Amino acid sequence: MQGAGNRAARRDEAFIMGIACSIALRHLLGRLGIAYVASLLIGLCLLYIETVFILGIPVQKLLPVAVPAAVVGCIVATAALLGITYWQLRPVFNVFADHTAKQDVHRSLQLLFNLPYILLIAMNVIGLLCLILFHVMGGTYAKTLDEAYMVDWPRMIGIFAGELGLTLLVSLLLFIAARRILQSDILRFQPPSERIAGRASFAQPMMITYAGSLLATLLNLLQLVLFSTAANEPVDPVKFGMEALFYFTLGMAMLCYVTIQFRHELRGLIRNIRELVGGGPAQLGGKMLFSSHDEAVELAVALNELQARINREYESLERELKLAYNVQQKLLPPGDMTIGSFRITARYQPYREVGGDFFDVVPLGSNRFAVMIGDVSGKGMPAALLMSALLILFRSEIKRNGNPGEVLARMNRQLCEAMGEEGSVSIGLGVIDMMSNAVQYASAGHLSPYIVKPDGNFSAIDCSSLPIGFDDELTYEVRTLQLEPGDRFVLYTDGLIEAADDSGTMYSFEGLEAELSTWTTCKELPQMIDDWLGRMDQRSGAGSDDRTVVILELANDFCSPVGKLGAEVAAHGDVTHFSPHQFVYREWVIASRFGEERAVTVQLGEWMEQSWPQSTVREDIESAVAEALLNAMEHGNKLNPRAFVTLQVQIGSQLVVCKIYDEGGGYFPRVSRSEEEMVRKHESEDPRGWGLVMIDSLSDYWATSRDETGFYTELYFLRK
């Protein structure tokens, strides 16, 4: 049933296509028929003017025979030309209907290209036959009227030459009109996928037009000379000059029209070549159309083949660039991050599919992390490849320790050897200590960062040095910056500063500082940065360079400073109003000696009292954390006073998370023990299991595991 339905649908489609092609064929025949009639009428008008005004033959002598014969000749010529046209075009419209093979398409193009030449020849042959028939029948008719009638050969030859010249002019008009009318149908087959056989020369229609108009002029002038000779009269120089000027002007007009047609196609080719050089998917996807069958066709086909090849290469390059973009995006960290109490917002806008700007955020243990931003000289794929290598090199070097200046110096030595003199890289590197909120910053030729205060005041951090890649012996100065809650540390690349509007005015440092002065802590940082970059896009468009900006915002105090266990705990106040995703964070680091844990648990208890004023879990938390600290000292660090235990605590509105790190090997990570195991340990006389029993009974959940910092025990307490 489905097959029958498909066959019926194909029959209906073929029927509809057949009707459409029949209508198109009739429409084309109608336009060509109008052109044929118009050309023959122009010929009749010229014949009348030539006969009456130039040769001086009275109209009365033309009416009985010449005028009816001329009208009949035009009708016969029109019918014959339409028949020839139908015979030539019928296969062409069959190709439109049947969607046949490529060779049929090429054959149809050949028929369309050849039709004007066939009409030119047919018109001359039909005209010649009609003229011979007319004069033979005219001589026979004259003899029947007067047996003494003698043919005046000079006069007869002159009249025949003039009529033949007019026939030649009419055929030239048909030739030019047919070329123009057939253009739209030739374009329906465009563009061919390969060269078409039987190419003519662009000079051919010009030579035909020039030679035909010249020959028509000579024939009409010959008519005037022979007619005057037959009448034993001198040639009238005025008539001779006017006739010569008229036919010369008409011939030049037709020649100029043919030349303009060729020039129009040539200009189209030049325009397409310029668009191809300009580049871009829209230009590469276009095709050069043509309506002639000469050297322009060969050039158009060659250009189309070149465009197709470049388009394939462009698509391949686009796929490679898309893959490179995806790889580059995976190398970069997320655009929005939170580390401790630092919120980090980063935005990267490459000028092309891939770019040379980069940034990175790397954790360095439990209380430090590094933020880096850089800009490779150049754009596109070379800069992107170097950027990828730099990210890998940076992640390797930053974990070898050392301050930012030492890290940059090591990177500089390696890159000077690798790059030689082929490029340079500017880098700004900051290492943030989350316990003291201090930033150690060093710059290798990068733009000065800014610190923006909560009230919108800002200050630029002056840093001057050469970029990486100039001198392998360079050293880089390290500056220490102190951040306060609400401060924003702004890193950026020169693509922001150099972004220019339509008038060529750069955004500049003044524009950046004007923007920074509007930043207040009441605005959400990610949305604020997105709005800012959106305004820059409206002002400057895509620009001419990559744009990258990285902002660190210190939301609040991160932790208590190590070594100041007796100092007063800073009050954060009641946190029970926090949202479920808000936490306050602190950290303590103590030596592995019994008694060190007491001061920590006291501070933790006071902090708990301030954060959860009416909660009853303070003592449970103090006891469980103290036991976990003792276990870490004794079993993890083996009471080695040079080994340290780190306590990290996060307090939210409903949950407290305590994580205790030691420097020992630890054991295989396990989640909290089952109730049966805890019962066995409780009933056991071995005191080593009692600490775990206490932790299990006091906490709501606990687990052990290991990460890049070391082995840890994690305790969870719900607010009660």
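**Strand pairing and helix packing**

In this predicted model, strands β13 and β14 are connected by a hairpin of 2 residues. Strand β13 spans residues 644-652 and runs antiparallel to β14, to which 6 bridges join it. Within β14, Lys 659 is the residue opposite Gln 648. Strand β14 also pairs with β16 (residues 711-718), again in the antiparallel sense, through 8 bridges. Here Leu 655 has Leu 718 of β16 as its bridge partner. Strand β14 itself, residues 655-662, is mostly covered, with 7 of its 8 residues buried.

A further set of strands forms an open sheet of 6 strands. The order is β1-β2-β11-β10-β7-β8, and the pairing is antiparallel. Strands β1 (336-339) and β8 (458-460) lie at the edges, each pairing on one side only. On average, neighbouring strands of this sheet are turned by 20° against each other, direction ignored. Strand β7, residues 450-452, is joined to β8 by 3 bridges in the antiparallel sense, and Ile 451 stands opposite Ser 459 of β8.

Two helices pack on this sheet. Helix α14 (residues 508-516) touches β7, β8 and β10 (488-492), and its direction makes about 25° with that of β7. Helix α15 (residues 525-540) is in contact with β1, β2 (342-349), β10 and β11 (547-554). The direction of α15 makes about 20° with that of β2.

Terms used: Residues are numbered from 1 along each chain as its sequence is written. This is a predicted model: local features need pLDDT of at least 70, side-chain atom pairs count only at pLDDT 80 or more; totals for chains, interfaces and linings use all residues. Side-chain values use heavy atoms; hydrogens and water are left out. Buried means under 20% relative accessible area, exposed over 50%, partly exposed in between (1.4 Å probe, protein chains only). Helices (H or I, at least four residues) and strands (E, at least two) are DSSP runs, numbered from the N terminus. Two strands pair if DSSP finds at least two bridges between them. Axes are lines fitted to C-alpha atoms, for helices over the stretch in contact, and angles run from 0 to 180 degrees between N-to-C directions. Contact means heavy atoms within 4.5 Å.
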